[in-house]
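Dear colleague,

I am passing on the structure we spoke about, and below it I have set out what turned up when I went through it. Please read the notes with the sequence and the structure open beside them.

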Amino acid sequence: MKTKRKHKISLVITIWIAVIMGIACALFAVVSYISISGRVKQQTLGVLHRDVEDVTDSIENMIKLEVAIYVNNYASTFNNTAKMENPDEVSAGLQNVESGTEVSILDSNWVVLASSNKDLIGYDCHDDKVLADVLDTENGKPMQSEMTEVSAGGKRQMLYSAQPFSDGSGYLLFGMAKDRYDSSLIMSGAYTVNYRRVGESGYLLMIDGDDGLVMCSYKNEHAAQSVSESGLNIELGRDYAFEKMQETVFGVPSYVEVNRIEDYYIAGVYPVSESEAFFLSMIGGFLILEIGLFVILFITLIILIRKLIVSNIVRMNNTLLDITDGDLDKRIDIKSTYELDSLSDGINRTVDRLQDFIAEEAARYEEDLSVAESIQSASLPSIFPPFPERDEFDLFASMNAAKEVGGDFYDFFMPDSDTLVFLIADVSGKSIPGAMFMMTAKTTIKDLAESGLPPAEVMRQANNKLFEGNEAQMFVTVWLGYLDLKTGVVRAVNAGHNPPMLIHDDKAEPVMLKPNILMAMFNNPKYVEHTVRLQSGDVLFLYTDGITEAQGDDGEQYGNDRLKAILSTAGMPVEQICDMVTADVNKFTAGAEQFDDMTMLCIRYHGQKQD
């Protein structure tokens with residue numbers, strides 16, 4: 001019976017392993033099929049894109065080279081303006097330049113002295129942005145414009161290039177008209193397209209964007225055929241930029257990529273059958289290798305598992321799963337062998353020690369939170385009034401953390417005798433990580449503001465410092481203001497923070513500035529500064545979303561409307577305003593637990609007293 005039982009267990013194990021390995025092999029084959037199929041398609045599209053991009057670059061570079069050759073040739077003939085004793089004769093000689101081109105000689109002030117285009121003679125090229133950009137050369141190197149409309153000598157489509165004379169006496173200005181440019185573009189396209197394959201059997205098409213005719217293709221096989229005859233779904237006049245599609249081109253299902261260059265399209269065509277043939281060759285070899293590996297693995301597992309006692313291990317693993325899921329009262333009681341008995345006792349002792357360690361860590365964490373709370377509280381200004389010698393303004397601020405350590409903070413300081421810098425912020429994280437990020441952000445902003453930088457630059461540099469090494473991907477919203485105590489003008493930057501409330505004549509309205517990007521999310525963003533003017537007696541109330549998003553037991557939020565309504569009756573000292581808002585929020589929430597910090601900063605501007 002014992003031998004028979006062992007044989008039966010071995011057979012069951014063998015069958016189950018066979019089933020599992022078969023399923024695993026099938027799943028692996030499906031995943032491999034999908035993965036290789038995707039990689040082959042991406043590789044195909046990559047080859048197609050590189051060819052289209054390379055042809056586009058080659059055509060553009062050939063035209064640039066042609067223009068450069070023209071410029072160098074003319075520049076070697078007219079190497080300075082000293083030889084131009086009679087500009088009219090030079091202009092007459094330039095009338096014989098190649099059709100569709102334009103050559104002009106300019107003095108060092110960009111005034112045309114002689115030209116093949118009589119309308120340009122005497123023209124100040126500063127008056128045309130295209131010509132001005134081309135003539136603004138660097139280190140004596142030629143500059144080229146795009147094909148664009150110019151106003152000099154009558155509106156027309158031109159491409160310009162300029163070469164300064166080596167003695168600094170002037171410039172050689174060369175222009176190419178649209179029709180001449182198109183002719184060069186077609187010739188360049190024919191040169192690059194007619195002899196290029198995409199993969200083994202793919203090809204490229206150059207298509208006229210006006211009439212949809214194929215200008216050239218591989219060995220001109222499809223020249224003069226229309227887009228509609230080819231099967232390509234190209235909308236003439238549309239600006240394609242390396243757009244991928246799958247079409248039946250000249251009766252062959254193909255991958256297609258289309259790019260536009262001026263009034264023409266470059267279309268790359270790669271037959272799907274060629275990609276599929278490559279895929280089948282790859283998947284065939286991979287499946288043979290995969291099956292061989294699974295067979296070897298199956299045999300190895302059967303040999304090993306037949307030598308093991310699995311039932312007690314399964315029981316032990318099930319108990320361990322309960323423990324790892326958090327049930328630390330579970331214990332392992334397997335005594336069948338010395339080894340398993342010893343292992344069970346070791347695991348049980350480990351779980352007991354783990355319970356003690358968790359209790360110790362919980363107590364230590366509570367202690368750390370208490371210390372962090374003390375440090376954080378000490379880092380925020382807490383003495384009010386903060387500047388008792390100043391009568392231009394009153395200021396009060398407070399923060400109530402939802403947890404022991406919060407992520408909100410505020411700050412205010414005077415970098416000089418006429419400016420009050422103030423800010424309020426909300427860090428995305430809470431507890432100790434949020435507090436650490438908060439203190440770093442607070443210190444960074446203050447150091448930059450005290451160095452004399454304007455608000456937008458302070459925010460940009462602070463953002464970049466916080467972005468560096470921000471592996472936790474935390475962020476912070478900030479409202480930063482510079483109050484000119486003489487004029488009442490606030491120069492402000494809002495980095496995604498709640499708009500503050502401006503109380504004027506006991507009526508509160510939000511200060512709606514266009515918000516900038518939140519800090520620490522991206523590197524080197526642009527921050528825009530705005531201004532707000534305070535009149536004598538005006539109150540600026542800054543707050544975090546812990547105020548407006550405070551919830552009652554029914555889940556309803558306190559909201560902006562309630563805040564606006566209570567502030568509209570706030571004709572009282574700034575400290576009482578903050579106390580009134582806190583009391584009203586507490587009354588609304590009726591003791592419900594809150595999950596966000598509630599922070600406020602209130603400034604009443606009096607202005608400078610007149611002597």
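The structure, which is a predicted model, holds 12 aromatic pairs. In one of them, the rings of Trp110 and Tyr171 have centres 6.4 Å apart and planes at 85 degrees, and because planes over 60 degrees apart count as edge-to-face, that is how this pair is classed. The two partners come from distant parts of the chain, 61 residues apart, with Trp110 in the loop between β1 (101-107) and β2 (112-115) and Tyr171 in strand β6 (residues 170-177). Both residues are buried, Trp110 with a relative accessible area of 12% and Tyr171 with one of 14%.

A second pair has another geometry: the ring centres of Phe422 and Trp479 lie 6.2 Å apart and their planes meet at 25 degrees, so these rings are stacked. Here too the pair links distant parts of the chain, since Phe422 belongs to strand β14 (residues 419-427) and Trp479 to strand β15 (residues 476-484), 57 residues apart. Phe422 is buried, with a relative accessible area of 1%, and Trp479 likewise counts as buried at 1% relative accessibility.

Aromatic residues also gather into a group, in that Phe384, Phe387, Phe393, Phe396, Tyr410 and Phe412 form one aromatic cluster. Elsewhere an aromatic ring meets a charge: the charged end of Arg197 sits over the ring of Tyr218, at 4.0 Å from the centre of that ring.

Turning to the strands, there is an open sheet of 5 strands, with antiparallel pairing, in the order β12-β21-β20-β17-β18. At its edges stand β12 (393-400) and β18 (507-510), each of which has a single partner strand, so one side of each is left without a neighbour in the sheet. Neighbouring strands of this sheet are turned against each other by 15 degrees on average, if direction is ignored.

Helix α13 (residues 574-589) lies across β12, β20 and β21, and runs at about 150 degrees to β21.

One further residue may be worth a look on your screen, namely Thr81, which is placed in the loop between α1 (2-77) and α2 (87-93). Is Thr81 buried or exposed? With a relative accessible area of 17%, Thr81 is buried. Leaving aside neighbours within four places in sequence, Thr81 is in contact with Ile105, Leu106, Asp107, Leu113, Phe165, Ser169 and Gly170. The C-alpha atoms of Thr81 and Gly168 are 9.3 Å apart in space, although the two residues are 87 apart in sequence.

As for the protein overall, there are 13 helices and 21 strands, and buried residues make up 44% of the 611 residues. Among contacts between residues at least 6 apart in sequence, 63% join residues at least 24 apart. The accessible surface comes to about 32,200 Å², of which 54% belongs to carbon and sulfur atoms.

Notes
Residues numbered from 1 in each chain as written. Predicted model: local features only at pLDDT ≥ 70, side-chain atom pairs only at ≥ 80, totals over all residues. Heavy atoms only, no water. Helix = DSSP H or I, 4+ residues; strand = E, 2+ residues; numbered from the N terminus. Buried < 20%, exposed > 50% of the residue type's maximum accessible area, 1.4 Å probe, protein only. Contact = heavy atoms within 4.5 Å. Areas by Shrake-Rupley, 256 points an atom, 1.4 Å probe, with all protein chains shown as cover. Phe/Tyr/Trp six-rings, centres within 6.5 Å; stacked < 30°, edge-to-face > 60°. Lys NZ or Arg CZ within 6 Å of the ring centre and 35° of its normal. Pairing = 2+ DSSP bridges. Axes fitted to C-alpha atoms, helices over the stretch in contact; angles between N-to-C directions.
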